[in-house]
Protein chains: 2
Amino acid sequence: MARSEDGGDKKPLERLGVREIAKRVGVAPMTVSRVLSNPDMVAPATRAKVLEAIEAAGFVPNRLASSMKGNGRIIGTVVPPLINSGIAEQVQGMSDECQQGGYSMLLVQGEFTTEAEESSIRTLLGWRPAGMILQSFVQSEVARQLLVSSGAPVVEISEIKGRQPIDMVVGVSNFETAYAMTMHLAAKGYKRIGFVSTPIHGNDRLQQRRTGYHAALTELGIENHASLEVEVPITAAGGAEALVTLTERHADIDAIFFSSDTLAIGAVQECHRRAWAIPGRIGIAGYGDMDLAAQLYPPLTTVKVNRYEMGRRAVRQLLDRLGGKQKLATITSLGFEIVDRESA
Amino acid sequence: MARSEDGGDKKPLERLGVREIAKRVGVAPMTVSRVLSNPDMVAPATRAKVLEAIEAAGFVPNRLASSMKGNGRIIGTVVPPLINSGIAEQVQGMSDECQQGGYSMLLVQGEFTTEAEESSIRTLLGWRPAGMILQSFVQSEVARQLLVSSGAPVVEISEIKGRQPIDMVVGVSNFETAYAMTMHLAAKGYKRIGFVSTPIHGNDRLQQRRTGYHAALTELGIENHASLEVEVPITAAGGAEALVTLTERHADIDAIFFSSDTLAIGAVQECHRRAWAIPGRIGIAGYGDMDLAAQLYPPLTTVKVNRYEMGRRAVRQLLDRLGGKQKLATITSLGFEIVDRESA
DNA sequence: CTGTTAGCGCGTTCAA
DNA sequence: TTGAACGCGCTAACAG
C-alpha cells in the first residue's frame, strides 16, 4: 500500500529528526529548528529548501523534546463525567481555544473524590503542562501544594467567590444565579419552591447554588424546610424521581428549581406521564440552558450560563499569562441570564 | 501561604529531578529511576528512603523525559464536536480505560474537514503517542501515510466494513442497525418511513446508516424517494425542523427514523406542540439510546449502541497491542439492540 | 543569517 | 543490588 519510490527516503518517524533533515539539506540542525519555530530568522531560500525536505520526508517534529527545553505546549485539565453535565460544552470551548493558540489538551476525566483528584493532578503535572485548568476548587491540600510548586498558571473554573483560589478563577457567581432564579419564581407568584440538585458534597458550585436558594427564601420570608430539597443522580430519571419525592412530601409544592436542565427535563417528562399541566399544576425551572431547553414542550425556564465561553476564557487566561501579559484579572466573572420561558 | 519550613527543601518542580533526589538520599540517579519504574529491583531499605525523599520534596517524575526514552504513555485522539453527539460517552469510555492502563489522553476536538483532520493528526503525532484513536475513517491520504509511518497502533472507531482500515477498527455495522430499525418499523405496520440525519458528507457511519435504510426499503418493495430524506444540524431544533419539512412534503408519511436521539427528541417536542399523537399521528424512532430516551414521553424507540464500551474497547485494543498481545482482532464488532418503546 | 556547544531529565547498557 | 556513562531530539545562548 505504502509507496516507496516517491522521492525522499521515508525512514520511520522514530528515526527522523532535525539532525537527519539538516543532513539531507546540508545545513545545521539549528537551522531546521529555526524554520520550525522562528521561520523569519532564516533566509527565504534556505527556508524553502528545508521545508521541502521536511515535507518529502514526512517529518513531524518531536514535541516531547521541545517541551523539555522549556516551551511546553500542553494544557492539562481534569473534568467531571462528561455525560449529561454540560461539561462537554466547556471542554469544547477549551479545546477550540487551545488549538487556536497552538496548545494541546491533555484531558483526565474522573469522579471528584479527593484521592482521585490528587492522583489525576499528579499525573497531569508529570507532563509538565504549560498550564492547568481545574473544575471546582481543588480540595486536596497536597494537590494544591503540587500545583503551586509546579509553577504553572492555574485556572479554576468554579464559584468565583469563597475559598482562596490557587491562582486564577473563571466562573459565575452560582450564589447569584440561584438567588436570582428563586426570586424570579417568587415574583411569578410561586409560594412553595423546592430545590433539587445532584450530589452537593465537594462541589462548591452546587453548594453556592443551594445557599443562594436559601438566601432568597429567607429574604422572602418563606419557611425554609430542608424537606423541600433532594439530591438525585444527574440523569433524567433522577429528575423524575425528585419530582415524585417532593410532591409526595409536600402536596402544596408549586414549583421546583432543578440545579441542572437534565434533571428538569426528566421532571417535565414525568409530568407528562401524569398529565400534570406545566406550569398549571407545577412550575419547573432548570439550570444551564442546554440545547434542548428551548425546544422542550413546554419550553424550559432556566438559568443560562455560557459554558463554552467559560472554557474558552479559562484557556485565554492561561495563554495571556504565558504570553507575559501584565495586569491579568485574578477573577473572571461571566454573566448569566434568567431565561423566562413557559415551564415556570 | 506556602509553608517553607516543613522538612525537605521545596525547589520548584522545574528544578527537581531524579538527580536531585538521588543526591539528597545519597544514591545514584539510576536508583531513583528504578524505584519509580521497577521497584522490585531495589532493596526495600533503599527504596523506602528514596520514596520518602520523593514525598518530602513533592517530586513528580517528568514523563516527557521518560517518553523520549521510548515508553510513551500518551493516547492521542481526535473527535467530532462533543455536544449532542453521544461522543461524550465514548470519550468517557476512552478516558476511563486510559487511566486504568496508566496512559494519558490527548484530545483534539474538531470539525471533520480533510484539512482539519490532517492538521489535528499531525499535531497529535508530534507528541509521539503510543497509540491513536480516530473517528470515522481517516480521509486525508497524507494523514494516513503519517499514521502508518508513525509506527503507532491505530484504532478507527467507525463503520466496521468498507474501506481498508489503517490498522484496527472498533464499531458496529451501521448498515445492519439502520436496516434492522427500518425493518422493525415496517413490521410494526408503517408504510411510509422517512429518514433524517445530520450531514452525511464525509461520515461513513451515516452513509452506512442511510444505505441500510435504503436496502430495507428496497427489500420491502417500498418506493424509495429521495424526498423522504433530509439532513439537518445535530440539534433538537434540527429534529423539529425535519419533522415539519417531511410531513409537509408527504402528508402520508407515518414514521420517521432519525439518525440520532437528539434529533428524534426534538421532533417529539414538535409533535407535542402540534398536539400530534405519537405514535398515532406519526411514529418516531431514534438512534443511540441516550439517557433521556427511556424517560421521554412517550418513551423513545431507538437503536441502542454502547458508545461507552466502544471507547473502552478501542483503548483496550491499543493497550493489548502495546502489551505485545498476539492474535489481536483487526475488527471488533460490538452488538446493537433495537429498543422497542412506545414512540413507534 | 547560520553554525557550535551544551544540556533538558530520564532510562538503557554495561560494569562493579 | 547499585553505579557511571551515554544519548534520546530539540533549542538557548553565544559565536562567527
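User: How many bridges join strand 8 of chain A to strand 9 of chain A?

Analyst: Two strands pair if DSSP finds at least two bridges between them, and here three bridges join strand 8 to strand 9 (residues 283-287) of chain A, the two running parallel; strands (E, at least two residues) are DSSP runs numbered from the N terminus, as are helices (H or I, at least four). In strand 9 of chain A, Gly283(A) is the bridge partner of Ala255(A). This is a predicted model, in which local features need pLDDT of at least 70, side-chain atom pairs count only at pLDDT 80 or more, and totals for chains, interfaces and linings use all residues. Residues are numbered from 1 along each chain as written, chains are lettered from A and ligands numbered from 1 in the order written, and side-chain values use heavy atoms, without hydrogens and water.

User: Which residues on the two faces of strand 8 of chain A are buried?

Analyst: In a regular strand the side chains alternate between the two faces of the sheet. Here Ala255(A) and Phe257(A) on one side, and Ile256(A) and Phe258(A) on the other, are all buried (under 20% relative accessible area, 1.4 Å probe, protein chains only).

User: Which side chains have an N or O atom close to a base nitrogen of DNA strand D?

Analyst: A polar contact is a pair of N or O atoms within 3.5 Å; the side chain of Arg34(B) places such an atom 2.8 Å from a base nitrogen, and that of Lys69(B) places one 3.1 Å from a base nitrogen.

How values were computed. A polar contact is a pair of N or O atoms within 3.5 Å; within protein, one must be able to donate a hydrogen and the other to accept it, and residues adjacent in sequence count only if both atoms are side-chain atoms. Buried means under 20% relative accessible area, exposed over 50%, partly exposed in between (1.4 Å probe, protein chains only).
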